[in-house]
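Here are two exercises to work through with the model open in your viewer. Try each one before you read its solution.

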Amino acid sequence: MPHAIRFHKTGGPEVLQWEEVAVGDPGPGEARIAHKAVGLNYIDTYHRTGLYPMPLPSGLGLEASGVVEAVGAGVTDLKAGDRVAYCNGPVGAYAEVKIHPADRLVKLPEGISFEQGASMMLQGLTVQYLLRRLHLTPKSGDTILWHAAAGGVGLIACQWAKAIGVNLIGTVGSAEKAKLARDHGAAHTIDYTKEDFVKRVEEITGGKKVPVVYDSVGKDTFLKSLDCLQGRGLLALFGNSSGPVDALNTGLLAAKGSLYVTRPTLMGYAAKREDLLASAKELFDHVLAGHIKVAPRQSYALKDAQQAHRDLEARKTTGSTILVP
């Protein structure tokens, strides 16, 4: 029988268990995938800890790539042998074999490996909707602020911003991470362990500040992120790696210049298949053209998911990480 990572109670990495699972034939509208690589993402820790509650016991993971083994009734655009990837629910990607809704699968183009597919689908499509589809998006010549610029999402954002002519200021936690972000296209970096990022943003922009801040850190950066915005600027809060943001006094938005705050998710922006396919095509086109280079910087055996989670939460990883079945 194939194996999968499952958990029966919420908690630390120790709750993740390597178990045998029964995987049957795909039903109508489904496909059975033999995974070749599985993506590790910070949202996985939210599911594991219960920050984002799920019925238990449960599998884990939203992103993987692999080969279609079989399709169910009504599936006409996929067949056995197709190379595919996905990055949204239902959860359960931490598995050797998985049944998945066929309309959530995207074919991997030739020239993009399984390892790349599992490294970039969730993170790359997150960057796509943040930079290209929010109601306020940066244009060529703009300067933006991106927190955690040396993470998996951040490194893709650095490259994508440079490709469209946007100057990205990235916050990082060390000199090594600052160099990594700059090497991937960040115009400026700020080491938040040594510098006040609000002050540095003002210095870099000549006091103009930025039209958009992209914040996946949450509690520790949220209020100071507001101070980096121009009047009528937008704060896109798309994660909470330091903890969830407390209730917001909306009067602050008025006092700081008629600001906007949004809490978007990839699930919301990729809910329609046509949006998922269009976003994936734009991402794949950038990768195939060489504008965005994606490869896992860390790799763990899938059965070692506990250690992968420990390293992720300890900020020992940079860029993308995959789990190998």
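A crossing is left-handed if the near helix is turned anticlockwise from the far one by less than a right angle, and right-handed if clockwise. Helices (H or I, at least four residues) and strands (E, at least two) are DSSP runs, numbered from the N terminus. This is a predicted model, where local features need pLDDT of at least 70, side-chain atom pairs count only at pLDDT 80 or more, and totals for chains, interfaces and linings use all residues. Residues are numbered from 1 along each chain as its sequence is written, and side-chain values use heavy atoms, leaving out hydrogens and water.

**Exercise 1.** Work out how helix 1 passes helix 10, and which residues meet.

Step 1: take the axes, lines fitted to C-alpha atoms over the stretch in contact, with angles from 0 to 180 degrees between N-to-C directions. Those of helix 1 (residues 42-49) and helix 10 (residues 305-313) come within 10 Å and cross at roughly 110°.

Step 2: call the hand, and helix 1 passes helix 10 in a left-handed crossing.

Step 3: look for contacts (heavy atoms within 4.5 Å). Y42, D44, T45 and R48 in helix 1 meet H309, L312 and E313 in helix 10.

**Exercise 2.** Find the strand order of the open sheet and its edges.

Step 1: pair the strands, asking DSSP for at least two bridges between them. Six strands line up as 11-10-9-12-13-14, with parallel pairing.

Step 2: pick out strand 11 (188-191) and strand 14 (260-262), the edge strands, each pairing on one side only.
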